[in-house]
Amino acid sequence: MLNNKKIFTILSNGTKVEYDVILTFKNPNNNKDYVIYTDNTMDNNNKLRFYAAIYDPNLPNPFIG
């Protein structure tokens with residue numbers, strides 16, 4: 001995990017969900033910043049679930065949403 005960074009979201013029912021940030025990087029081809037993260041759950045094939053998203057590193061707390 002990268003510096004123990006977390007992403008937090010609030011579901012429509014009010015439940016807070018926490019994700020661990022695995023990796024961040026900038027794509028030089030489109031100049032966008034990406035974050036790879038996980039909720040540490042397994043899929044049906046017993047593989048760890050990973051997710052990816054574009055984010056803005058210039059926000060005060062870019063991983064808290």
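Predicted model: local features only at pLDDT ≥ 70, side-chain atom pairs only at ≥ 80, totals over all residues.

Colleague: Where is confidence lowest, and where is it highest?

Modeller: S1 has the lowest confidence, with a mean of 87. S3 has the highest, at 95.

Colleague: What is the order of the elements from the N terminus on?

Modeller: The order is β-β-β-β. The protein has 4 strands and 0 helices.

Colleague: How do you know that S1 and S2 pair?

Modeller: Pairing takes at least two bridges between the strands. S1 (residues 6–10) and S2 (residues 16–27) are joined by 5 bridges, so they pair. They run antiparallel. Phe8 stands opposite Glu18 in S2.

Colleague: What do the two hairpin turns hold?

Modeller: Between S1 and S2 there are 5 residues, and Gly14 in that turn has a positive phi of about 95°. Between S2 and S3 there are 4 residues, and Asn31 takes a positive phi near 60°.

Colleague: Why is the phi of Asn31 worth a remark?

Modeller: Asn31 is not a glycine, yet its phi is positive, about 60°. Most residues other than glycine have a negative phi. Asn40 also has a positive phi, near 60°, and is a residue other than glycine. Asn40 sits in the loop between S3 and S4.

Colleague: Why is Asn31 called exposed, and why is Asn40 called partly exposed?

Modeller: Exposed means over 50% relative accessible area. Asn31 reaches 54%, so it counts as exposed. Asn40 is at 47%, which lies between the 20% and 50% limits, so it is partly exposed.

Colleague: Why is Tyr34 called buried?

Modeller: The limit is under 20%. Tyr34, in strand S3, has a relative accessible area of 19%, so it is buried. Across the protein, buried residues make up 22% of the 65 residues.

Colleague: Which residues make up the largest nonpolar core?

Modeller: There are 7 residues: Ile7, Val17, Tyr19, Val21, Val35, Tyr37 and Tyr55. S2 and S3 are the elements that give two or more residues to this core. S2 has the largest share, 3 residues.

Colleague: What makes the nonpolar surface patch, and how much area does it have?

Modeller: Ile22, Leu23, Phe25, Met42, Leu48 and Phe50 make it, with about 520 Å².

Colleague: Why can Phe50 belong to a patch?

Modeller: Patch residues need over 30% relative accessible area. Phe50 has 47%, so it clears that cut-off. At that value Phe50 is partly exposed. Phe50 lies in the loop between S3 and strand S4 (51–55).

Colleague: Now the charges. How many salt bridges are there?

Modeller: The count is 3.

Colleague: What makes Lys6 and Glu18 a salt bridge?

Modeller: The cut-off is 4 Å, from a side-chain nitrogen of Lys or Arg to a carboxyl oxygen of Asp or Glu. For Lys6 and Glu18 the closest N and O atoms are 3.3 Å apart, so the pair qualifies. Lys6 lies in strand S1 and Glu18 in strand S2, so the pair ties together parts that are 12 residues apart in sequence.

Colleague: How do you know that Lys6 pairs with Asp20 as well?

Modeller: The closest N and O atoms are 2.4 Å apart, so this pair is within 4 Å too. Lys6 in S1 and Asp20 in S2 are 14 residues apart. Lys6, Glu18 and Asp20 are linked in a network of salt bridges.

Colleague: Which salt bridge does Lys26 form?

Modeller: Lys26 pairs with Asp33, and their closest N and O atoms are 3.0 Å apart. Lys26 is partly exposed, with 44%. Asp33, at 12%, counts as buried.

Terms used
Residues numbered from 1 in each chain as written. Heavy atoms only, no water. pLDDT = per-residue confidence, 0-100. Core = buried A, V, L, I, M, F, W, Y, C linked by side-chain atoms within 4.5 Å. Buried < 20%, exposed > 50% of the residue type's maximum accessible area, 1.4 Å probe, protein only. Patch = residues over 30% accessible without salt bridge, like charges linked within 9 Å, V, L, I, M, F, W, Y side chains within 5 Å. Areas by Shrake-Rupley, 256 points an atom, 1.4 Å probe, with all protein chains shown as cover.
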